[in-house]
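This report describes one protein chain for a reader who is new to structural analysis. Please look at the sequence and the model before reading on.

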Amino acid sequence: TTTGDNATVIAVVDTGVLLDHPDLAGRICTTSGVCAGYDFVSDAVGAGDGDGIDADPSDPGNSAVLHGTHVAGILGASSNNATGVVGVDWLARIMPVRVLGPLQEGTSYDLIQGLRYAAGLDNESSIVVSNPANIINLSLGGTGYSQAEQDTVDQLRSAGIFVFAAAGNSANNIPLYPATYAGVVSVSAVAR
């Protein structure tokens, strides 16, 4: 029906993205662009890149992880180029927002700051993006409820931003957050 729209910005809130991945060429918001990504992993040791928050949202993980790059490919890999995979949206721009280290671990505080950044709200970086995300993807989760996270989701939804989150792939009914928060589109699988 459609191949997408290059005015759409999808924030991939995850481990970061390999900024030079050939299947994402021309799709990632650059560091100088109006929808540039950011790194909110505040733990310099757990970040895997040797520092705390900064303007480099690239994924420093090893080739076995690279979860954010995998997710970015599903959402927006370039198409009709005989390279790699085909993304769901052939034209949208990808805003990489890093909130997880290479071991896919992070804090609620870093997550909230990354969400606020992607939405163009005040955040710890002191940068308010001029072209915030229309869609935020969270292929991450845990079992702990946080009122601060729910409040952030409420703000995102009030701003008209669609929030999608993974509910897990284990065919069980254990609530995972942020997928279980009100206002989040919860996406699940029962197996690989």
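## Terms and basis of the report

Helices (H or I, at least four residues) and strands (E, at least two) are DSSP runs, numbered from the N terminus. The model is a predicted one: local features need pLDDT of at least 70, side-chain atom pairs count only at pLDDT 80 or more, and totals for chains, interfaces and linings use all residues. Residues are numbered from 1 along each chain as its sequence is written, and side-chain values use heavy atoms, with hydrogens and water left out.

Side chains of opposite charge can pair when their charged atoms come close. A salt bridge is defined here as a side-chain nitrogen of Lys or Arg within 4 Å of a carboxyl oxygen of Asp or Glu. By this rule the model has 2 salt bridges. One of them pairs Arg98 with Asp39, with 3.0 Å between the closest N and O atoms. This pair links distant parts of the chain, for Arg98 belongs to strand E3 (residues 93–98) and Asp39 to strand E2 (residues 38–39), 59 residues apart. Both Arg98 and Asp39 are buried, a word that stands for under 20% relative accessible area, while exposed stands for over 50% and partly exposed for values in between (1.4 Å probe, protein chains only).

Asp49 also forms a salt bridge with Arg98, and here the closest N and O atoms are 3.3 Å apart. Asp49 lies in the loop between helix H1 (44–47) and helix H2 (67–76), whereas Arg98 is in strand E3, so this pair ties together parts that are 49 residues apart in sequence. Arg98 has a relative accessible area of 0% and is therefore buried. Asp49, in contrast, is partly exposed, because its relative accessible area is 27%. Through shared partners, the salt bridges join Asp39, Asp49 and Arg98 into one network.

The side chains of Asp14 and His67 are joined by a polar contact of 2.9 Å.

## The two largest pockets

Pockets are found on a 1 Å grid over the protein atoms alone: a pocket is an open set of points with protein on both sides within 12 Å along at least five of seven lines, whereas a cavity is a set of points where a 1.4 Å probe fits but cannot get out; lining residues have an atom within 4 Å of a point. Grid points are joined across faces, edges and corners, and a volume is the space filled by probe spheres set on the points. The largest pocket holds about 540 Å³ of space. Its lining has 23 residues, and Val71, Asn137, Ser139, Ala166 and Val187 lie nearest the centre. H2 gives the largest share of this lining, with 5 residues. By class, the lining comprises 14 nonpolar, 8 polar and 1 charged residues. Ala, Val, Leu, Ile, Met, Phe, Trp, Tyr, Cys and Pro count as nonpolar, Asp, Glu, Lys and Arg as charged, and the others, Gly among them, as polar.

The second largest pocket has about 320 Å³ of space. It is lined by 19 residues, with Leu100, Gly106, Leu140, Gly141 and Gly142 nearest its centre. This lining has 6 nonpolar, 10 polar and 3 charged residues.

## Backbone features

Most residues other than glycine have a negative phi, and most peptide bonds are trans. Asn80, in the loop between H2 and E3, has a positive phi near 55°. Asn80 is exposed, because its relative accessible area is 69%. A cis peptide bond, with omega about 15°, joins Tyr177 and Pro178.

Conventions. A polar contact is a pair of N or O atoms within 3.5 Å; within protein, one must be able to donate a hydrogen and the other to accept it, and residues adjacent in sequence count only if both atoms are side-chain atoms.
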